[in-house]
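Subject: Structure handover and what was found in it

Dear colleague,

Here is the structure we spoke of handing over. Please open it first, and then read the notes that follow.

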Amino acid sequence: MHGEYKVPGGKLVVVDLEVEDDRIARFRLAGDFFLEPDSAIDDIDAAVNGLPVESDATTIAAAVRAALPEGAQLLGFTPEAVGTAVRRALVTAPGWGDFDWEIVHEKAVSPRMNLALDEVLTARVGEGRRRPTLRIWEWDQSAVVIGSFQSYRNEVDPEGADRHGFDVVRRISGGGAMLMAAGQIITYSLYVPASLVQGMTFADSYAFLDDWVLQALRSLGIDAVYQPLNDIASSSGKIGGAAQKRLANGGVLHHATLSYDIDGQTMTEVLRIGREKLSDKGTTSAAKRVDPLRSQTGLSRAEIIERFIATFRSLTHAEDGAITADEYADAEALVESKFATDAWLHRVP
């Protein structure tokens, strides 16, 4: 069995193993990482050999860590990365290159329609009716998008939202609120089968699915890093965050919002939680906490999106795609029955 795991911002971890009597046998670790002393690779191999095949990534990582000699240096990978690679080998998890991808970047639609499309397209991928897809959002109205489990009254200042012309909508994934002002953010969604992240912890799947955008940002000269659980940042500040939703049919939604030219003052007047987060961090200005991409690149939003698409295409060989008429129709129906209703918006008062 063969498994690979590319550490976000790090190196490739490769494992080969066999299974005998429900235990891992003839395990070998390889990759382009750095490890000192050299002999530590034998200690890692010995630690994994003999483990029960049902061992999860955390158990495997603990065994590796315990076996390392004092002072061992792992550069570009971690014991957890070894555990993830082993689990992916045991479940024969595919990689990015094992799927036919498409990229969708279409007309602007309402924020509610974007949210409905996320649910519809994720379900289609889970059902095998759509190829795995990267979709870049465009929208025709400013909105506050709150997380599935956030309290409406605790997160949003209705008077501030009305004053600044922001509609308020709720998405199906968890996480925090995002401000969708015209031209101020870049949002993308990935619709993938669960097999792509099989064998990973939930936290590792976030880093794995956002690694391509870190590569894109670095190609633009931004020293982008991933900060668990779901933030993308640079030395200048936070850039954005991601959220996920996993459907019972095997479809996984992973979407992220990156700040291009955020108005920090507006954020604090529309979002109550913005004030609380800033006070908790001893920060007086929202603009100091969320650093927009425009200031770090000097590029237009369209130019950054072009780089994102080019980077994703280079890694996946994705083709240009489109949302079908029946997918739009399903999404429109879902807007009417769910995303435009008070029952959904105020499901957590």
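Predicted model: local features only at pLDDT ≥ 70, side-chain atom pairs only at ≥ 80, totals over all residues.

Residues are numbered from 1 along each chain as its sequence is written, and side-chain values use heavy atoms, with hydrogens and water left out.

The sheet

Three strands form an open sheet in the order β1-β2-β3, and their pairing is antiparallel. Because β1 (2–6) and β3 (23–31) stand at the edges and have a single partner strand each, one side of each is left without a neighbour in the sheet. From one strand to the next the twist averages 20°; axes here are lines fitted to C-alpha atoms, for helices over the stretch in contact, and angles run from 0 to 180 degrees between N-to-C directions.

Strand β2 (residues 12–20) is joined to β1 by five bridges, and tyrosine 5 stands opposite valine 13 in β2. The hairpin of β1 and β2 has five residues between the strands, and glycine 9 in its turn has a positive phi of about 75°. On the other pairing, β2 and β3 are antiparallel over seven bridges, with alanine 30 in β3 as the bridge partner of valine 14. Two residues lie between the strands of this second hairpin, where aspartate 21 takes a positive phi near 55°.

Helices α3 and α2

Helix α3 (residues 79–90) lies across β1, β2 and β3 and runs at about 50° to β2. In helix α2 (residues 57–67), the buried residues (under 20% relative accessible area, with exposed over 50% and partly exposed in between, for a 1.4 Å probe and protein chains only) are Ala57, Ile60, Ala61 and Val64. They cover an arc of only 100° around the axis, which puts them on the same side of α2, the arc being that of the directions from the helix axis to the C-beta atoms. Thr58 and Ala66, on the other side of α2, are exposed. The buried residues of α2 pack against α1 (40–48) and α3, where contact means heavy atoms within 4.5 Å.

The nonpolar cores

A nonpolar core is a set of buried Ala, Val, Leu, Ile, Met, Phe, Trp, Tyr and Cys residues joined through side-chain atoms within 4.5 Å. The largest has 66 residues, and Phe77 and Val86 have the most contacts inside it; helix α7 (residues 202–219) gives the most to this core, with nine residues. What does valine 86 touch, not counting residues up to four places away in sequence? Valine 86 touches Val15, Leu17, Ile24, Phe27, Val48 and Ile60. A second, separate core has 27 residues, among them Val120, Trp139, Val145 and Met180.

With best regards

Key. Pairing = 2+ DSSP bridges. Helix = DSSP H or I, 4+ residues; strand = E, 2+ residues; numbered from the N terminus.
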